[in-house]
Amino acid sequence: MMGVAVMGSGCSIRAIWILNNLDAVVFSRRFPVVEKRWRASCNAHNDDTDQLFSSLPTDSDLADAFLDRKHREGSARGFGIRKSNSSPGSDSWGLYTILILPLVEPRHLKAYARLCKRPDCGTAVGMDNAFSSLLLDLPSITGALLVAHAIGDIITGDTVEPEVIVSAAPSVGGLFDSLTGSIGISSRAKPVAPPVASSTPSGAAVPGSVNTDAPKIGSRPLDKDALRTFISSSMPFGTPLDLNYSNIVTMKANGFSTTDLPPADHKQPAWKPYLFKGKQRMLFTIHEIVHAALYDRDEIPDTISVSGQINCRADLEGLPDVSFPMSGLNKANLEVLSYHHCAQVSDQGNLCRWTPMKGFYQLSMVSEDKGAFLFKLHLMEGYKAPSTMEFCTVTMPFPRRRIVSLDGTPSVGTVSTSEHSVEWKIVTSGRGLTGKSIEVTFPGTVKFAPWQNQRLSSSRSSFGIIADEDSDNEADNASNMVNEEHLMEKINKDLPPVDLEEPFCWQAYNYAKVSFKLVGASVSGIAVDPKSVSIYPAVKAPVEFSIQCRWYLLMSSIISGHNQVTSGDYILWNTLVFWGQTIESCSRVAN
Amino acid sequence: MPGADVEWPSKPLTVQEWETLIDDFHNGVHRKWNSLDPLFDLLLSSLFRKEFPLSLKLQLLLFLDEFSLSFFSTHHHFHRLVDALRAVLHAPPDVAAPAFKEQFMVSATSILICASEEVAVEAQTENNLVELLLTVINRPNFGSDRQARGIACECLRELERWKPGLLSDVVGHLWSLCQNERTHASQCYLLLFTSVIHSIVTRKLSVSILNTSVPVVPFNAPQCVAGSGSVSGSDLGSGLKVKELRRAMAFLLEWPQVMTPLGMMEFVSMIIPVAVALELQPSMLKVQFFGMIHSYDPILCHVVLCMYLRFLDAFDGQEGELSRRLLLISRETQHYLVFRLLAIHWLLGFNRLVLGKAKPSLELCSTFYPSLFDPLALKALKLDLLVFVLRLKGGDSDELVDPVKLFEDGLVCVSSFKWLPPGSSETVVAFRTFHKFLIASSSHSDNDPSTTRNLLDSMIFRTLQGLLVNLMLESRRLVPVVSAFVDRLLSCQKHSWLGECLLQKFDGHLLPKVTMDYKLAYCFPIFDRIAENQTIPPRGLLELLTNFMIFLVENHGPDTGMKSWSHGSRALGICRTMLMHHHSSRLFLRLSHLLAFTCLYFPDLEVRDSSRIYLRMLVCIPGKKLKDILNLGDMILGISPSSHPTSFFNVQSPRPSQKFKTFKNLSSCIHLERVAPLLVKQFWSLSLSNLVLSTSKPAYLESIRDLDPPVEEKEFSDSADTQIIPETGRINQPQEPLRVMDSKVAEILNTLRKYFSYVPDFRYMPGLKVRISCSLRFESSNFRRMLGIDKTTTSLEEIDALPAIYATVLKFSSSAPYGSIPSYRIPFLLGEPHNKDPSSQNASLSIVPVGVENDSREEGKYRATVVIDLEPREPTPGIVDVHIETNAENGQIIEGQLKGITVGIEDMFLKAIVPSDIPEDEIPRYYFDLFNTLWEACGSSSSTGRETFQLKGGKGIAAISGTQSVKLLDIPATSLIQATERHLAHFVVGVSGEPLIDAIWEGGIIQNVIWEDASPDATSVTNHDTAPLCLTYNDEQYEKGAISNSRKRNLGCFHVLIFLPPRFHLLFQMEVGDVSTLVRIRTDHWPSLAYIDDYLEALYLS
């Protein structure tokens, strides 16, 4: 028939599969039109006789192939890092796996096949036909990843529109704690929507298959109808056009009425199918994420970076332009600005003026079952006028050890222990800390239930030769003084390898987190002056303004004098046993 | 319902049945179905059943779409489908929900596009579908069905994509629709219009896009589409109406902000080729779209990148900005990780493309460093970025960026603070980065110009070497990771030398620094790699291991039993690796010291044993075979040697019993042969014991008696087959010992007493031994055939291809009185090459002169020397039976009988024992005197017959009962002398007669004897010429006798003293004449006379 016009470099998807954690396909969708294009381009390229085209696998075939691959790759999940035999059970495949097969050109597939089958020791960076070049050449991969995320959100029910939180919940620290679980910061930093501990898809997936892990949410039945509707509307022919789930749902639910007139002189954007009607108002939200590393050492400067987002929710009738200046920006420190595609240009800030907390935390294992620790914290250091620290709590979690007893008294506040954590409330709710800085200390020892020295054969490393049953340790310890590093190593030995998405994944054994809430000012100093917001065509609308600030505070310090003596030149991270997080100071400025 | 038959072929399916059916199809069931016709009808009717829920109907539509190839077999099906669609579209919303209408449009379009490939579709059906869709979209800004219109636009766009130019006739209408549409569906209108423009441009259709004269409905496919496919676009018109198209473009470019990011992607992918075809200024696009790079949406960023790649020139100068922006996207913590990673990948790919244009500035490089809060995957990728920078810098001399600093600083984030446990992901990332840095400046492509030298000299390599050495010294738990790293390099053809260099470095720098303690075992994986590598002299490692063994031995205590065992075994494992990979000669000295030390002093028995085995292997088995045998153990067990150091214990695994096999025809390929062949080829044995069955063995046949009074001797008759004629008969022995002795007799007795007191009594002590040297060999080809190995190797000369036998044990037995014969062990023997077989076979059949066979050193390695130690009770010929037990390479045990070894009388010839108090220089004299004494004692007139002589140890006694005989040898003196020199030189104790002495003296072979030239007269030599000759029975013999008389005129006389174990003697007095020689023989063991005749004939006459 007709020649096939291979359209530049769009994004089309041949098929979607969703597998559950039993490795069964629970949902699949194929796009015959895209498949036909793929077949056509294969036929156009069959100059060399290799069999490029194969029809799509059936669901059961796919499940088998996937299972095979999953077992082959283990926990590394194709992150580009070779792990010869990841032990089964150590992987972190989620509840659902979403496979998206994007349309690529035959030459891409061939290039990838070559890449996979190279006989040598590994790809050198920046070579021809390297993976990076392929990704650059294939917007369909990018699109497929977006689709995967959108579908993942639907599966997990995480489809809330980034809604502005107008007023902060009073126990926001607790909320955050419960969400992040015992370890780790969620790598997924959706700016406003509540963070869900989840892992994101691999960056090194096969072209033609992108997988994403569903978040660790309870077993929620798959809403196939919702999925089907979403897919049919967002990509009726396999070419995605709009992945905004809430828009699609609203349209399906409400449809449009004949009275719903389009704007008179503008084209209504495709990403905004409905125009606002009702009480007009404007709401600005500033979200800040503060990454702070406090080293407590002269030779290493602390690093603090603030990133964030300003959302403007304009509940205005029609399609007016909204413009506003932002104050408090220091251009010299500004690194990066991104905009929603509806925005023309504006600015965003990044500057940290002060830190509400400084200090250090030491935990030193004096024996296998006993640790001595010391906290020393300065609160509200460099105090700034309008801020109030509403509460401040330090938690030392020991997820793998059972606490038997705790000995020690803090200079301020109260201490309570649970089976796996120690909680130190420095500033309690209702007795906010305003107008002064204080220093608090908390020395003590914590005793754990005896360590079960499991010599897990399964925990042997993939290089696994070393872990033989030599009784070196005993002998060395007997002849030597207690070798702390060795001890730590031993205690940490059975911890599972960390997730690649975790920045502080090592030493998960000993860390503490700090939660506090600050009210009164943004850290960056960025602000939107409600009076300067202008709307064209002019509308009178109230402007609201809120700030949210989330802290990732990393503190580290000396571990023990003993260690210092034995290795005078040890580096900072030797002693990294602490990371903390403090969160969310919110304030509301109502106009 | 229109088009649907009222007669259903079967009853309608329920909701559940449909769902099950759909699942079955997804799992591949439909392939079994031949005709889906009835199902099609059912399906179509189900779509219109009111009681069916909307979701099922949508599902059915998708189902029909996904499996359209199965359902649509005739054009009627399409016809009915389009009719059904029309009905649905016209139905009021309460009958057909908007979602149903939309999906129906999509599915019908999709089905038409896909199934038309297999089944011809009537043009009218197609037109009907397009017409229906056009009707839908032809109501811009209509409120309620805006979504449906948008979907219809998408359907039309798919159709247009399927048949480019399909909508070209109505493009004017589409444009005006576009201009008018203001709802959110405007994106779909814009995309539809763009797509038609795109096909017009790509097919170069000469249509006016302003022309609206052709009505939208009824729709007829334009000529360019309706015609046959062979009509190419260029034939269809005079050219593009560029001006109009540019206007259209200008219109389209006004509306990017209404699009969704993905819509934008579609849009840009279509307008780029249009812009190129219309020769639009790329800068126009740039102005319009470049701002999107600052968007939060990854798709929009990618759109900009695509555009950049398409218009490299137009975007000249923006590389820096793009790179920076991409890098910064990766730092936006709000993003999903995958998009942050993508940004880095884009940056890598992008930078590769713009390599020549803009090099990343130092400033930018500094931002490549992974930051503290980056997820590890991102850190890894950023490290790649650093490697990339290094690669860029590779050719440059400007050291804006110090590679080592780059390397070290970059690694801080994953390793430098502290080496985490080997299993940790950080460590994995660090080593991944090492690898990337290392191979950064040498790709795998063959035409890579970078040389080995470049790489070796590179600072990175040196830094990394040092880093790894220190790493292993500090954190031995990471050694396995290092060895895996080295393995990775070694396994790569291009970079294996890098791995080797690393190992060499380790050999030089790590080995001297490691501390000698129990933790050394952690380093064993790397030692194993070093041991495997032939480029590294094993010296250093062997020294270290030796010291380690000493350490283990010294530190062994009550608590270290297991440790000693484990460490010792693993150290031996490394030795084994060396044995497998190095030439034995290279290792021999140090390794044998190590092994010897271990098997002597190591506290653990098993280690000692293993060590002993290895030592023995090292000493006995040559190179290749040794490697094979060491390998074999692993192959059987399926364990690779390096990963499991314990596996070497299993070399000594129990042997499977089925491998035990006895071979009957073993002697056809395995040969045990005498080194020196017997002179007497024909073998016979005088077997006396059978003749005296009834009585106890006669005393005189007992070589040695106890000190009791001798029992009466008994008569016996000569054996019938004796060839020698006892011409003198038995010497009558006096019954009583002599009581009176003259001085001469006394002297004789004294001499003999002294002499016999040195002869060992084999009954109480080790007897005198007779050694027979043999050689063992086997034929490769026959051997293989016998074992059933059907391997016909062509490379005959290769030692590797030859079979070998291991741990061979030869066991000997004999019916002759040779005592117990110790078995003989041969650790290793190689088969003879095939081409040697024929000659060897010949050699085994005929006796080849001794010198010829032994001179070939080459053959030496195919032959093993075997010494058979006999301890004869009686000097008699016999046959030694040989039993072999050996192991083939495949572990098969071979057992069987070989051809016996013939023992001749000459094998019994020994030199007489010399008492220890005889000085060295008087030995000849002693021998000569002994000869004379024994000659006397064995003579007929002997007066010593009654005497008994105590043997060594004092328990046994021996008596001499002599016999004598003569033999005439008709050979010339020269021959005789030669033969004597060759075979009897050892036993000659005296030569008399000047001519004879002269003849012998020069040869120098017979030495250290008594030369009696004082009596030149030959007649004086003997007193026995009066003795009757036996050779006068007929004329001939008489003549010979006459001739023999002429000896008197001749030469001289040999005195030959031969000791026959256990205590007998053979004495020759050879009167040498010119043409014949008379040998007078005396012996105290008369049965040996039977063999001597043959022997002398073989010696002299053959």
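These legends accompany several close-up views of a predicted model.

Figure 1. We start with the largest nonpolar core, which has 267 residues. Within this core, A:Ile151, B:Trp18, B:Phe104 and B:Phe506 touch the most other members. The element that gives the most to the core is helix α19 of chain B (residues 376-393), with 12 residues. Another core, of 102 residues, lies apart from this one and includes B:Leu910, B:Phe928, B:Leu930 and B:Phe1064. As general background, nonpolar side chains in soluble globular proteins tend to be buried together.

**Figure 2. The surroundings of B:Trp18.** Here is a closer look at B:Trp18, one of the residues that touch the most other members of the largest core. Setting aside residues up to four places away in sequence, B:Trp18 touches B:Leu13, B:Leu39, B:Leu42, B:Leu43, B:Ser46, B:Phe52, B:Leu56, B:Leu60 and B:Phe63.

**Figure 3. A three-stranded sheet in chain B.** Strands β2, β4 and β7 of chain B form an open sheet in the order β2-β4-β7, with antiparallel pairing. From one strand to the next, the twist averages 30°. For a look at the pairing itself, follow β2(B) and β4 (residues 770-778) of chain B, which run antiparallel and are joined by 5 bridges. One pair to pick out is B:Ile670 with B:Phe778, its bridge partner in β4(B).

**Figure 4. Strand β16(B), covered on both faces.** Why is β16(B) described as largely enclosed by the rest of the structure? The reason is that 9 of the 9 residues of β16(B) are buried. On one side of the strand are B:Phe1064, B:Leu1066, B:Phe1068, B:Met1070 and B:Val1072, all buried.

**Figure 5. Two hairpins that share β16(B).** On one hand, β15(B) and β16(B) run antiparallel and are joined by 9 bridges. Their hairpin passes through 3 residues. In this pairing, B:Phe1054 has B:Met1070 of β16(B) as its bridge partner. On the other hand, β16(B) pairs with strand β17 (residues 1077-1083) of chain B in the antiparallel sense, over 7 bridges. This hairpin has 4 residues between β16(B) and β17(B). Look here for B:Val1072, whose bridge partner in β17(B) is B:Thr1077.

**Figure 6. Two cis peptide bonds in loops of chain B.** Most residues other than glycine have a negative phi, and most peptide bonds are trans. Against that background, the bond joining B:Val217 and B:Pro218 is cis, with omega about -5°. B:Pro218 sits in the loop between α10 and α11 (223-226) of chain B. The peptide bond from B:Pro1061 to B:Pro1062 is likewise cis, and its omega is near 5°. To find B:Pro1062, turn to the loop between β15 (1052-1060) and β16 (1064-1072) of chain B.

Figure 7. B:Lys204 is not a glycine, yet its phi is positive, at about 50°. This residue is in the loop between α10 and α11 of chain B. B:Lys204 counts as partly exposed because its relative accessibility is 48%. B:Glu279, also not a glycine, has a positive phi of about 55°. Its loop runs between α13 (261-277) and α14 (282-289) of chain B. With a relative accessibility of 64%, B:Glu279 counts as exposed.

Figure 8. Beyond its neighbours within four places in sequence, B:Leu190 is in contact with B:Cys178, B:Phe251, B:Leu252, B:Trp255, B:Val258 and B:Met259. B:Leu190 and B:Cys153, 37 residues apart in sequence, have their C-alpha atoms 9.1 Å apart in space.

**Figure 9. B:Gln534 and its contacts across the sequence.** The loop between α26 (524-532) and α27 (539-554) of chain B holds B:Gln534. Leaving out neighbours within four places in sequence, B:Gln534 is in contact with B:His581, B:His582 and B:Arg586. B:Met578 is 44 residues from B:Gln534 along the chain, and 8.8 Å separates their C-alpha atoms.

Notes: Residues numbered from 1 in each chain as written. Chains lettered and ligands numbered in written order. Predicted model: local features only at pLDDT ≥ 70, side-chain atom pairs only at ≥ 80, totals over all residues. Heavy atoms only, no water. Core = buried A, V, L, I, M, F, W, Y, C linked by side-chain atoms within 4.5 Å. Buried < 20%, exposed > 50% of the residue type's maximum accessible area, 1.4 Å probe, protein only. Contact = heavy atoms within 4.5 Å. Pairing = 2+ DSSP bridges. Axes fitted to C-alpha atoms, helices over the stretch in contact; angles between N-to-C directions.
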